[in-house]
Amino acid sequence: MQLLWLLLSFIPSVTPHSLNASDSLVWGTYRPNLYFGLRPRIPQSLMTGLLWFGTQDYQSFTKARHACDQGDGLDGYTWTQFDAREGGIQVLNDSQNNVKVTTELLKVDGGEHGGSWAARIKGEPINGGQPSHTSFIFYAGLEGMGGLDLESDEDENGIEGPVVLTGSTPELDDFNIRIVDGPNNKAFSGGPFSDVFAKRIGRTHYSGFRVPPGNIWQAKDLFQNAGKAVKDIKASDSVPHPSFTLHLSDETLSGSNLFAIQKLFDGKFQFDVFFESRSARQTLSSATLDEGIAAFSTSFTQRFREIFPIPDSPKWEALDAFSQAITSNLLGGIGYFYGTSIVDPSFSYDWDDDSSPVDSDDDNKGHGANGPHLTELKALLTATPSRSFFPRGFYWDEGFHLLHIGEWDNDLSLEILKDWVDLIDDDGWVGREQILGEEARSKVPEKFQTQVPSFANPPTLTMAVTAFIKRLRRYAGPSDLDLGLGFGTGSTQSIYEPLKRHYEWFRRTQRGQLKQYGRKARSRTEAYRWRGRSEKHVLTSGMDDYPRAPPHIGELHLDLLSWMGFFSRTMKEIAEFIGEEEDRLYYANNENGAIDNLDDLHWSEDSQMYCDVGVDDDDESYHVCHKGYLSLFPFLLSLLPPDSPRLGSILDLLRDPRHLWSSYGLRSLSASHPEFGTGENYWKGPIWIQMNYLALQALHETYAAHAGPYQDKARSTYSELRQNVIDSVFKEYERTSYVWEQYDPSTGEGKRSHPFTGWTSLVTLILSEKY
């Protein structure tokens, strides 16, 4: 019943930084673009980060590790275990600097201001026969109201013993940060000039900087600019070892709001960082981490195996560790973002306007009267697809993320969903990408930074709500659901009303034309087309370069009609759950209309498949049929009944190795298509895990589970496809230490962004058959 009351009290927060019942979620690794960065869910507050580089030569300083970057060439990095409320363990392998780094985080409840935390950073050589000389910089910076000071006595040669920072902000109140060395650390002390630098060797070095508001995220640049004078020095017998000279200044400026603390090591090392909230009235120690991390790891493994059980397998232990890691990296990739975004309400392509068709071969053609502008400040807690390449919120990814997160921590998924719902504006729109603030924008090419309020994305957010209802029914049972706890109260309306507004925005802004082209369909309202497409791309569909008809105001998109049928169904389920009977009937009618029009508008008897609809030079409609994911949409979203006469053709297409079937999962485009593997080759063949998950979900929950003429075929297809997807992703993880954005349809090799533990982490749900 606790979960039910959570839904009924699901009121969007007016002040996203207020500290309340979600205190265990105040602090987190909410800077997912960094290898290790902590901050609270508070705008303009304390931010911390970790930076490291090798000191085997002077050039490694210019390649310092800070923000996750595929160009760094790490051999692998992932949270092997992570819980947003308790902490986690992350392993990073940096063979270029011959160091395996482990970061451990333990969150400690207590006090009235979000609690305390302890972090351990430790490392050891990857190759024990080679030197491992490293430097690590932990920094803490404060933006907004409050203060931060270095409490330890300053010394021009560095600080001996623990380093203490003290600070205070209105939300966090008083706190201190202590950086404490492990018992067996050793600094490099040999080589030329060691006697000259003897007083500085083995000490902790530091600097304090005055940083303008909004610039703490650029800490790495600040540190590297301070060391420009040494970056071109070549190591030789005539110059000191880099460990002696690549030091912070051991000076602080008056009014500093960013403090950097530097450690230098030779070989194996360990140091701890303690954030202690004064109101918690407790002192943390290394023993806190020793005992706490061990207890956390044991309890995490036990709980994980209960929630995500893996069937018996010769590789059970490896699959279990793999599943824990990809789930943990999804959870460890949750970020808190605060800032403005760029919006241009006046932009559109010529064919977005229903008034007249326009032919253009300019892929970037568009027009805007007033140009882009910054929005008001907004806050968002969200999962991210990829810490290295997409460290921000993506609308259609997030629905899939929340399916996974919700199975692990239902309340956390609702916290994230609440923030997304808060972004729905008065018109019902929410941006496809949430690029909030300059740090987020720094990772996005300029041409993709601007969001347009007439452009949509697949409406997956309601997946999270209906998945919640499904979990509630699974655990609470029907007897608890029939107690009449006021489902129609204003508190429930606070989430339901924005979703209704969002639904109507889709119906209003993405509608397609029926009457104008004399199209015959049982429903006169359910037809749709994506706005914001260009000549070569339909970015708004999520399947960017998938083959389509030429742009035309009269075209109709199969996938969008399918999504709208799905959207209507999920809204119907929500309305039913909260007792809105009139709305339930409205959504049911729209759902039925969408299902009818899938056949009436999009089924091609000649091709025996579902297709887009285009318009020729004579203004006549025709089917645009490209065998691939698009053809499967009515099946993928379980819009077809198990006895549908169309289902046989769809399963035949899906199972045909000449088209979509491969040993690694379903291809996005038929291998026999002339555009297969051509051009950008983003959605022209590569295998996407979230689409395979939809196929497996449809097979498992609908077509293999219910009687129909194709039930046996659905069962065997499910079993084989599930094994193919698991084997493919797991094999590449073992080979590369990463999960990937997509997979090669011919070899199964991982492609593009990595680690991509957004929807690729759905493999955990596939393994445990949680759909």
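What follows is a short chat about reading strand pairing, aromatic pairs and charges over rings in a predicted model.

Colleague: What should I keep in mind about the model?

Modeller: It's predicted, so local features need pLDDT of at least 70 and side-chain atom pairs count only at pLDDT 80 or more, while totals for chains, interfaces and linings use all residues. Residues are numbered from 1 along each chain as its sequence is written, and side-chain values use heavy atoms, with hydrogens and water left out.

Colleague: In which sense do strand 16 and strand 19 pair?

Modeller: Strands are DSSP E runs of at least two residues, helices H or I runs of at least four, numbered from the N terminus. Two strands pair if DSSP finds at least two bridges between them. Here strand 16 (residues 335–339) runs antiparallel to strand 19 over 5 bridges, with Y336 opposite L381.

Colleague: How many aromatic pairs are there in the whole structure?

Modeller: Rings of Phe, Tyr and Trp (its six-membered ring) pair if their centres lie within 6.5 Å; planes under 30 degrees apart are stacked, over 60 edge-to-face, the rest tilted. The search finds 58. One of them, W27 with F275, is tilted, at 4.8 Å centre to centre and 55° between the planes. W27 sits in strand 1 and F275 in strand 15, so the pair ties together parts 248 residues apart in sequence.

Colleague: Which ring does R303 lie over?

Modeller: A charge sits over a ring if NZ of Lys or CZ of Arg is within 6 Å of the ring centre and within 35 degrees of the ring normal. R303 lies over the face of W408, 3.9 Å from the ring centre.
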